Amino acid sequence: MVRTIELSRRQQKIIQIVKDNGPITGEHIADQLDLTRATLRPDLAILTMAGFLEARPRVGYFYTGKNGSQLLTEKIKKITANDYQSMPVIVNEEASVYDAICTMFLEDVGTLFVVDSQSLLVGVLSRKDLLRASLGQQDLNQIPVNIIMTRMPNVAMCEKDDLLIDVANKIIEKQIDAVPIVKPITDTQFEVVGRVTKTNITKAFIDLVNDEIV
Ligand code: ADP
């Protein structure tokens, strides 16, 4: 269920009072609204957690000066690839196109990462790569995936601490569906430790709407 929490009229009033009078104590805000401090407590907690207000002990509430969209941008810029990753599905470079097609169906993914005998990333295979290879009359059991894959160094990758928004930009820029999350072993050698797909990014988008005040 998609649930968007919007600021209530009372919360908007509180923001206005703090904007005009801050720093101001919770008690004084309550007085201005003819409410008790206890009634106001949940609203103040929400507004503080969402970043609209800042609470300083023994001083009171300040208006942070940030609007909903600035706060949302700040939130987005804290999400990393690590927060929204999936398990990578990997095939060996010697595997046949036929085996790769079976793996893609069995694992229910659209992108496979190809590794060498040392488990280092050597390429990537998409649905279209496998479809293209299937168009000819060749025996798919006889074609190794390393002939048809997109190979290193042309594979777009990310690391687990990279921002999800930067990964999203990479996916759009390169017109691809997924990037591997890698752990560098040397400057040119990478181990695959995860995967970020368009689905992961869509999930992050939905979570932002469900959980946050926008
Ligand atoms: P599809 O082929 O199903 O449309 P993509 O858009 O992901 O899926 O793939 C398009 C092409 O880009 C394919 O040839 C694929 O090998 C290549 N590709 C896929 N992912 C990457 C990546 N992370 N880095 C570089 N090339 C990629």
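This is a short tour of a predicted model, stop by stop.

**Helix pair.** Select residues 9–21 for helix α1 and residues 37–49 for helix α3. Their axes come within 10 Å and cross at roughly 75°. Angles of 65 to 115 degrees count as roughly perpendicular, so α1 is roughly perpendicular to α3. To view the contact, show Arg10, Gln11, Ile14 and Ile15 on the α1 side. On the α3 side, show Thr39, Leu40, Asp43, Leu44, Ile46 and Leu47. By type, the residues of this contact are six nonpolar, two polar and two charged.

**Largest nonpolar core.** Next, select Val91, Val97, Leu112, Val114, Leu125, Leu130 and Ile148. Of the 18 residues in the largest nonpolar core, these touch the most other members. Two or more residues each come from α5 (97–107), β4 (111–115), β5 (121–126), α6 (127–135) and α7 (145–148). Helix α5 gives the largest share, three residues.

Leaving out residues up to four places away in sequence, Ile148 touches Val97, Leu125, Asp129, Leu130, Ala133 and Ile143.

**Strand β8.** Finally, select residues 190–197, strand β8, and pick out Thr197. Is Thr197 buried or exposed? Its relative accessibility is 12%; buried means under 20%, so Thr197 counts as buried. Beyond its neighbours within four places in sequence, Thr197 is in contact with Ile171, Asp177 and Ala178.

How values were computed:
Residues numbered from 1 in each chain as written. Predicted model: local features only at pLDDT ≥ 70, side-chain atom pairs only at ≥ 80, totals over all residues. Heavy atoms only, no water. Helix = DSSP H or I, 4+ residues; strand = E, 2+ residues; numbered from the N terminus. Buried < 20%, exposed > 50% of the residue type's maximum accessible area, 1.4 Å probe, protein only. Contact = heavy atoms within 4.5 Å. Core = buried A, V, L, I, M, F, W, Y, C linked by side-chain atoms within 4.5 Å. Axes fitted to C-alpha atoms, helices over the stretch in contact; angles between N-to-C directions. Parallel < 35°, antiparallel > 145°, perpendicular 65-115°, else oblique. Nonpolar A, V, L, I, M, F, W, Y, C, P; charged D, E, K, R; others polar.
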